[in-house]
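Reader: I would like to learn how to read a few backbone and side-chain features. Could we take them one at a time?

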Amino acid sequence: MVKSPWALVAVHWMDAFDAENGWCDITDYKPSPCYVVSVGWLWPDCLAGYVTITGSYMPDEVPELKTVGMPTHIPVAMVKQIIQLDQPEIGV
């Protein structure tokens, strides 16, 4: 059975957002924060100032990963919480 050497995590974060296109009357405009939860494997030390997770990895490469899929880089200042999840073991 194989597990990724990287932690499986849920990253809770506030995304950047903008208003609808066009003119906004400032007396009626009510911005609403964009709260996001992203799940993936935590790529350690990928990019300074960012939390990086990947959506997939190749179990044949464990324990030395060389290939990952769908990396997502989240600015550290936008991260509210990181929760480590139980990682399933998979057969290869």
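**Reading backbone and side-chain features**

Author: Met-70 has a relative accessibility of 57%, so Met-70 counts as exposed, the cut-off being over 50%. The model is predicted.

Reader: Where in the fold is Met-70 placed, and what is its phi?

Author: The general idea comes before the case. Most residues other than glycine have a negative phi, and most peptide bonds are trans. Met-70 is not a glycine, yet its phi is positive, near 55 degrees. Met-70 is placed in the loop between β5 and β6 (72-75).

Reader: What is the phi of Asp-45? Is Asp-45 buried or exposed?

Author: Asp-45, also a residue other than glycine, has a positive phi near 55 degrees. The loop between β2 (34-42) and β3 (50-54) holds Asp-45. Its relative accessibility is 81%, so Asp-45 counts as exposed.

Reader: Which peptide bond is described by an omega of about 15 degrees?

Author: That omega belongs to the bond joining Val-62 and Pro-63, which is cis. Pro-63 sits in the loop between β4 (56-57) and β5 (68-69).

Reader: Now a side chain. Is Gln-87 buried or exposed?

Author: The reading rests on a cut-off: under 20% relative accessible area is buried. Gln-87 is at 16% relative accessibility, and therefore counts as buried. Gln-87 is located in the segment after β7.

Reader: What does the side chain of Gln-87 reach, and at what distance?

Author: A polar contact is judged on N or O atoms within 3.5 Å. The side chain of Gln-87 comes to 3.2 Å from the backbone oxygen of Trp-6. With the side chain of Trp-41, the Gln-87 side chain makes a polar contact at 3.4 Å.

Reader: Which residues are in contact with Gln-87 once its neighbours within four places in sequence are left aside?

Author: With those neighbours set aside, Gln-87 contacts Lys-3, Ser-4, Trp-6, Leu-8, Trp-41 and Tyr-57.

Reader: How should I read Gln-81, and which element holds it?

Author: Gln-81 belongs to strand β7 (residues 79-84). Its relative accessible area is 39%, so Gln-81 is partly exposed. Residues up to four places away in sequence are again not counted, and Gln-81 then touches Ala-10, Val-11 and His-12.

Reader: What separates the C-alpha atoms of Gln-81 and Ala-16?

Author: The separation is 16 Å, for two residues that are 65 residues apart along the chain.

Note on methods. Residues numbered from 1 in each chain as written. Predicted model: local features only at pLDDT ≥ 70, side-chain atom pairs only at ≥ 80, totals over all residues. Heavy atoms only, no water. Helix = DSSP H or I, 4+ residues; strand = E, 2+ residues; numbered from the N terminus. Buried < 20%, exposed > 50% of the residue type's maximum accessible area, 1.4 Å probe, protein only. Contact = heavy atoms within 4.5 Å. Polar contact = N/O pair within 3.5 Å; in protein donor to acceptor, adjacent residues only side chain to side chain.
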